Amino acid sequence: MAMSGGRDDGSPMMEMNTTPLIDVMLVLLIMFIITIPVATHSVDIDLPAPNPNPPPEDQIDPIKNKIVITQAGEILWNGDAIDQGELVRNLEISKTIEPEPELQFEPEQYASYDLSVKVLNIIKGSGVTKFGFVGNEKYRTFGAPAGA
């Protein structure tokens, strides 16, 4: 670092030395950065426990299965009402079928968004590979009634 001792004429130096102030500021900045907690971006989800009873044999189609979320808050598997535990069990069983059946997801027009997200998280967590959204063509025009 360069230092100046004033002028050659013997007058005192009038400007303030800011180097120590900058050093202190940098040390404080590093201390604040170290003490900030690390932000975590995780969402904890309580998944339902699977139902121990085996599903009926005809409930899982070996070709394609359709999940519908109704306006009343029901989950329909191929037209039959099931709960989230049965959904988990059906997804696990459908993964064991060779070739894996296609899973179609279609929420009704005024279905609960919260329930739809929960069902999608269950599907994602199950590891199903053949998955698709169906029925979206009914809602191509914003604000138009379904089927228009």
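**Overview of the chain.** From the N terminus on, the elements run α-β-β-β-α-β-α-β. This is a predicted model, with three helices and five strands in the chain. Of the 148 residues, 24% are buried. Where contacts join residues at least 6 apart in sequence, 68% of them link residues at least 24 apart. The accessible surface amounts to about 11,200 Å², and carbon and sulfur atoms account for 60% of it.

Helix α3 spans 113-126 and strand β5 spans 131-133, with V128 in the loop between them. V128 counts as buried because its relative accessibility is 15%, under the 20% cut-off.

**Close-up of the contacts of V128.** Neighbours within four places in sequence are left aside here; the contacts of V128 are then L91, K95, E100, L103 and I123. For one of these residues, E100, the C-alpha atom is separated from that of V128 by 8.4 Å, with the two residues 28 apart along the chain.

S126 is found in helix α3. The side chain of S126 reaches the backbone oxygen of I123 at 2.7 Å.

**Close-up of the contacts of S126.** Not counting residues up to four places away in sequence, S126 touches L91, E92 and K95. L91 and K95 are also among the contacts of V128.

Notes
Residues numbered from 1 in each chain as written. Predicted model: local features only at pLDDT ≥ 70, side-chain atom pairs only at ≥ 80, totals over all residues. Heavy atoms only, no water. Helix = DSSP H or I, 4+ residues; strand = E, 2+ residues; numbered from the N terminus. Buried < 20%, exposed > 50% of the residue type's maximum accessible area, 1.4 Å probe, protein only. Contact = heavy atoms within 4.5 Å. Areas by Shrake-Rupley, 256 points an atom, 1.4 Å probe, with all protein chains shown as cover. Polar contact = N/O pair within 3.5 Å; in protein donor to acceptor, adjacent residues only side chain to side chain.
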